[in-house]
Amino acid sequence: MKLWGGRFTKPTNQLVDEYTASIYFDKKLASFDIQGSIAHVEMLKACGIIPEADADTIAAGLQTVAKKIEDGTAVLTAENEDIHMNVEKLLIEEIGAVGGKLHTGRSRNDQVALDMRLYLREAIIEITELIVGVQESLLNQAKANLDTVMPGYTHLQRAQPVLFGHHMMAYVFMFQRDVERLMDSFKRVNKSPLGAGALAGTTFPIDRHLVADKLGFTGISENSLDAVSDRDFVVEFLANASLISTHLSRLCEEIVQWSSAEFNFVELDDAFSTGSSMMPQKKNPDVAELVRGKTGRVYGHLMGMLTTLKGLPLAYNKDMQEDKEGMFDTVETLRGALALFAPMIETIQVKKEKMDAAVREDFSNATDLADYLVGKGMPFRESHAVVGQVVLACINDNKYLLDMSLEEFQSFSNLIESDIFNVLHPETVVNARDVAGGTAKNRVEEQITTAVAAMKESNNWIQLQVKTIRVLSE
Ligand code: ARG
């Protein structure tokens, strides 16, 4: 008989059982479900709602059920629909009818909202930690490449030279925003919905704050209807995950380009590349391509969740069971990508001399020639036109600015003097961008200092949250 079978005269059609069950995927929530139930039963005891002895029997029984689910001896069935009812059934099998007291003052609606939050709390901490790991790899590459000049691009056309370290730091700051978004979203996840009951609260004199404290939440959701119908925290996580994926994907695209013969700026370590089954010479950036590709499913889950919630009346609706698979898949997708990314970035071989050669074969110092003329009193619009003429002449002559003689320069403007050769040297060009956030070496070093401080704060936050959660599970 079903836990809710009382008012039914027939067994459920088996297809209905199979279709409506969530146990296939919500079994992932087992440990969180039991953690929540133990806190709930301890509160029932503390508030004198159920006898002490019963509460202790239930708590011990739940521990046994947890072990049996973990070692695979417990049988989870679609007939029992979801993880909540499976656990309750197993508990009753374990300790008898007294197990039926567990669900006092609680509904699966507040229970599932609680489980989702407990799961996501851990996931957010883990993902944050993984991102900081990626940031560390990028930071190490930045530190190792403070003298590596590469062409910087706009429109994928060579624009102005930048330090490779500067380029790496751009990603460090992108990921820093991701970390900050995750940490901020954590505040909204970290509220206990338990005690909202099905939708209206409960008639029992429960203590919502006590349960919240036991589970390490910083507070409770303020409105019972909102508590059971809110999945904003899932949407927020999926949106944050989408941006993280975007950032990873953009870096992937660069890695794919840079490791092509056309760019030839980096070489991926053999351990992080794959071969072709047909072409013996191939070394493919499969990891970068696949991370880029998996961005699609993460965006998909965000769209899916938003669409599921759109138009749902308050409070809980069965539609909301669709909140899980996309969230789990997103966590797993990010976990896989981020875990690979840190060592992949760390082991990338940067071809400094190829980047250097590329910078010498472009006009990325043209702005500096224009700025030089401005320094000599020429209006920028005019100098822009003059340098355009110089570039055109070079293209016709099949050469670059630094191949010009002083006489040739002076035929375009007699403001140009012999110091121009130093001004147009790639390293000078880079170090001339000596402005906060710029690509000059000392400015990139400043960025590194700022990022290191921010990452230290992220690590402190992670440690604090991990400690809270560990204390809870002890
Ligand atoms: N399996 C359900 C879900 O994931 C649990 C809540 C079900 N509540 C209910 N009243 N049917 O959403």
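I started with residues 6-300, where the chain is 60% helix and 6% strand and the end C-alpha atoms are 40 Å apart. Helices (H or I, at least four residues) and strands (E, at least two) are DSSP runs, numbered from the N terminus. The model is predicted: local features need pLDDT of at least 70, side-chain atom pairs pLDDT 80 or more, while totals for chains, interfaces and linings use all residues. Residues are numbered from 1 along each chain as its sequence is written, and side-chain values use heavy atoms, without hydrogens or water.

**Ligand**

Next I looked up polar contacts (N or O atoms paired within 3.5 Å). A side-chain N or O atom of Lys324 sits 2.4 Å from a ligand oxygen. For ligand nitrogen, I noted 3.0 Å to a polar side-chain atom of Asp82 and 3.1 Å to a side-chain N or O atom of Ser22. The protein buries 86% of the 340 Å² that the ligand exposes when taken alone. Areas are Shrake-Rupley, with a 1.4 Å probe.

**Second largest pocket**

I used a 1 Å grid over the protein atoms alone; a pocket is an open set of points where a 1.4 Å probe fits, with protein on both sides within 12 Å along at least five of seven lines, and lining residues have an atom within 4 Å of a point. Of the 24 lining residues, Gly152, Tyr153, Thr154, His167 and Glu254 lie nearest the centre.

Methods:
A polar contact is a pair of N or O atoms within 3.5 Å; within protein, one must be able to donate a hydrogen and the other to accept it, and residues adjacent in sequence count only if both atoms are side-chain atoms.
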